[in-house]
Every structure is written in C-alpha cells, then in structure tokens.
Amino acid sequence: MTTATHRSAEEIGRTPTGARPLPDLGVTREVPLPDVTDTTLPNGLRVLVARRASVPMVELRLRVPFADPAPGGGHPAIAELLSETLLTGTATRDRVAVDDDLAAVGADLGASVDPERLLVHGSGLADGLPVILDVLADLLTGATHPDHEVARERERLVERIAVARAQPRTIAREALQRVRFGTHPITAEMPTASDVTAVTSEQVRATHAASLVPRGSTLTLVGDVDPAAATAAVEQALGSWTSSATALELAAPPYPAAGDLVLVHRPGSVQSQLRLSGPAVPREDPAYAALQLANLVFGGYFSSRWMENIREDKGYTYGAHSGSEFIPGGAVLGVDTDVASDVTAAALLETRYELGRLSAVPPTAAEIDAARSYAVGSLLISLDNQGGLASTIAGLAAVGLDLDWLREHPARLHAVTADDVAEAALRFFAPSGFSGVVVGDADVIGRGVRALGGIA
C-alpha cells in the first residue's frame, strides 16, 4: 500500500538550497482579440460587432455624441433628464412593459450622459438580441418622456445634485475643471439645480428629436453572436431611426496652462483634496507608451513611488493615484489624493518632491520592468470579459482607433527604453508643468500650503 504524503505550500516553494526561484514572465507582444466587423448603415449609424462566445450573452453600447449646441441654454440639465426618462415609456410600451420585455430575455438597458456623449448600455442573452434591439429602436424612435416621469425624475435629480455638491470630491472636481478649461462646455459635468427645475417635458422631447440621432453615432455589440447576422438584425430593427442631422461632437477645449494651485476654501473640512493637472498625450501619440510607464512608476498603481511615500511610509492617505484623462483633441494628466487637514502641506510637499524626483532621478530598469508587466497584465484582464471588451471597442472607436491599436500596444510597451521613460518623466512630470487645486479649510491649511509657494 502506498502511503500518501502531504507537503505544505512552504515546503513546495523551497528546495534544500533555499527558496525555489520564480520563472521569468513571458513576453506578451500581442493581445488575442476577435475580429470586429465595421458597417455603416444607410441612416448613418456605425455598427461594430465582435464575436466572443465565452458565455451566451451579448453586450451593447450605443454612443451618441451629445455636445451642447448652444452653451448657456440649459442643455446639461435637459440632457440629464432625457437620459433619466429615456426608458420610462414609448407610444407602445410603458415603463413596466419596457422592463418586462427586457427581463424576458435576461436583459437590462441603462442610459447616462456627460458633456461629450449620451450612452445607452446593457446586456442580455445572445438569443434575445432581436428583442433587445426592438426595445432599443422603440426607445430611440418613440420615447414619450411622459410629463409625470419628467416631473418625478426632475425632483430626484435636484436632490441628488444637492447631495453631490456637498461632497468634497465633487467640489474638488468642479474646481479642477474650471482651472483646467475655464468656461468650456466640458466643465458642465453636473447641471445646476435651478437649471434642472426649469426644464420642461417639451424641452426634453424636443432635444430627443433634434440631438438623439443615428448619423455620427456608433453601436457596439460583443458576445456570442454571428457578426453578419447581428449587423443585419441591427439594420432591420434600427433602420427606421433616421434624421437629416448629425450627432454633435464636443469641440476640443483649450489646453490647460501651468500655473499656481488654487486654494478652495471649504469651511469646517477635516480633510483636504489635492488635485494637480499637467500635460499628457492621446493614445495614438508615439510618446504615449513611455508616458504610461512613467506614470505607473510615479503614481499609477499600488507599487508606485508616490503611493510608497505618502501612504506606506508616512501614512498621509489611504490612496493616491495618477493617470491620463482623455479629452477631445488630446489628454491631460491627473494627480489626485485626499489627506487629513493637519498633513495637507506635508502631503503637497512630498507630492511635489516625487514629481521632481521622477524628472531628476529617472525610473530604474527594475521599476520600468515592473510597470511594464503590470500594464500588459492589467490590459489583458480588462479585456477578459465581454463587457470590458465592448466598452474598450466603443471607447477606441470614439477617437478614431480600432483593435489593431490594442493588439499592437504590448509590443509598443516592450519597445520602450529606459531613455524613453526618462524623457517622458522630464517632459510630463516636472512640477513646474502642473496647475490644480487644493480644497480644504483655508483657515487651517492656508498658512502651511502658502508657505510652500505656488498657491494662488
């Protein structure tokens, strides 16, 4: 009889001469991705379909450019109420019927809006795609935005705005956007309560008819579907969605200028929000891969220099993050953290120190290799499900890119040299290139942060 033996994880991981060495990571130079069919229908709607049959589901993303056609005319408030009431009924379905028809095929749909676009998103059983598309078509061509639904959502939205505008993160975000972009419509991420109160059902319905149009819009489908059959189903269902107008893209905002940080007084606050903003480049720029790695080393993931400094070493914060934010015509770099009031000046000092250190003391080969492995690995994980892939395809399409860019990105990351990262660090992370805001109780933090200089 053979006696079974048991070895612990510790025993498995060691040899008589010491710890068992980990194998080197392999080089991932291409992301395995499906082909995407790209079709523009007669009504101007662009349809992107990718087959990924991992589960019998389909993900849907409809992106409609939805810029303000007349800034100052209340469009952000109207757009918010339009998205909130889009699924509340049509000429043939009330709210309950919309929900029931979708539920019958395991589906759900939702809508959201921002200064750039209106997005209808959802998922359901792949076999139920014709039903999902039929409901979507009914909403796009026949949504009635009933008076009582608009009134109800108007009250709810006013309450949500009041709550949100009391939150320090919202205060910091709105202040940062004003510093970055002035009065450009991109800053209107949340309407005012007074503008929402003034919106009528007629305005919502008129904006739907004028701005929610197929030409210039993109529908993305990813799932257990045949691309040709899915495209045909879209044309059959949405062919009646027509307009002579073209969806309105948001104009590029002015590029943010470097300058002093603005101190925003929030009386009684026990925490401060540090929000710095600097230059960046879009994905298609040759310097993007080097910027991505430099950013990871600085503050883009948990093992970054900045996180190690102000969280792990000094305990100033629970989290610190930096990263690129893509805007029409380009990108900006954001550096964000929240700290207690009594360490605000110290945290700002260390943040500036780490920005300067990255510029003056470039990342080491080990730091770059760790960042590169993280970048490639996180990319693969983000695309491992249908929803992540659908959102990525839709996002790339919005800026004129396709999955070929994504397939080739690991190779671009592996091609980045230490000199490239050093150049990106010097170009994008020099402290003199940033502007931003510090939000907190100025009576508590003002003297300390002003002593550091560079505070308006």
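## Notebook: a look through the predicted chain

I started with contacts (heavy atoms within 4.5 Å): among those between residues at least 6 apart in sequence, 81% join residues at least 24 apart. This is a predicted model, where local features need pLDDT of at least 70, side-chain atom pairs count only at pLDDT 80 or more, and totals for chains, interfaces and linings use all residues. Residues are numbered from 1 along each chain as its sequence is written, and side-chain values use heavy atoms, with hydrogens and water left out.

**Overall build.** I looked up the secondary structure and got 17 helices and 13 strands; these are DSSP runs numbered from the N terminus, with helices (H or I) of at least four residues and strands (E) of at least two. The radius of gyration, taken over C-alpha atoms, is 25 Å, close to the 23 Å that the globule rule gives for 456 residues, so the chain is as compact as a globular protein of that length. The rule itself is 2.2 Å times the number of residues to the power 0.38. Along the principal axes, the C-alpha atoms fill a box of roughly 80 × 70 × 45 Å. I also checked burial: 49% of the 456 residues count as buried. Buried means under 20% relative accessible area, exposed over 50%, and partly exposed in between, with a 1.4 Å probe and protein chains only.

**Cores.** Next I went for the nonpolar cores, meaning sets of buried Ala, Val, Leu, Ile, Met, Phe, Trp, Tyr and Cys residues joined through side-chain atoms within 4.5 Å. The largest has 61 residues, and Leu293, Leu406 and Phe429 touch the most other members. Helix H10 (residues 288–300) gives the most to this core, with 9 residues. A second, separate core has 51 residues, including Ala77, Leu118, Leu129 and Leu221.

**Strand E12.** I traced E12 (residues 330–340) and found 9 of its 11 residues buried, so I noted the strand as mostly covered. Two strands pair if DSSP finds at least two bridges between them. E12 runs antiparallel to E10 (residues 271–279), with 9 bridges joining them. Within that pairing, Gln273 stands opposite Asp338. E11 (residues 320–327) also pairs with E12 in the antiparallel sense, over 8 bridges, and His321 stands opposite Asp336 there. E11 and E12 form a hairpin with 2 residues between them, and Gly329 in the turn has a positive phi of about 85°.

**Aromatics.** I listed ring pairs next. Rings of Phe, Tyr and Trp (its six-membered ring) pair if their centres lie within 6.5 Å; planes under 30 degrees apart count as stacked, over 60 as edge-to-face and the rest as tilted. The count comes to 5 aromatic pairs. Tyr288 and Phe326 make a tilted one, at 6.1 Å centre to centre and 50° between the planes. Tyr288 lies in helix H10 and Phe326 in strand E11, so the pair ties together parts that are 38 residues apart in sequence. Tyr288 is buried at 10% relative accessible area, while Phe326 counts as partly exposed at 28%. Phe298 and Trp306 form a stacked pair, 5.4 Å centre to centre with 15° between the planes, and both are buried. I also noted that Tyr288, Phe326 and Trp405 form one aromatic cluster.

Phe326 has a charge over its face as well: Arg283 lies there, at 3.9 Å from the ring centre. For that call, NZ of Lys or CZ of Arg must be within 6 Å of the ring centre and within 35 degrees of the ring normal.

**Helix H11.** In H11 (residues 305–313) I found these buried residues: Arg305, Trp306, Met307, Asn309 and Ile310. Their cover includes H10, E11, E12, helix H12 (344–360) and helix H13 (365–382). Just after H11, Gly315 takes a positive phi of about 65°.

I finished with His208, which lies in helix H8 (residues 201–211) and is buried, with a relative accessible area of 7%. Not counting residues up to four places away in sequence, His208 touches Leu82, Leu86, Leu139, Leu140, Ala143 and His145. His145 counts as buried at 0% relative accessibility. Phi of His145 is near 45°, a positive value in a residue other than glycine.
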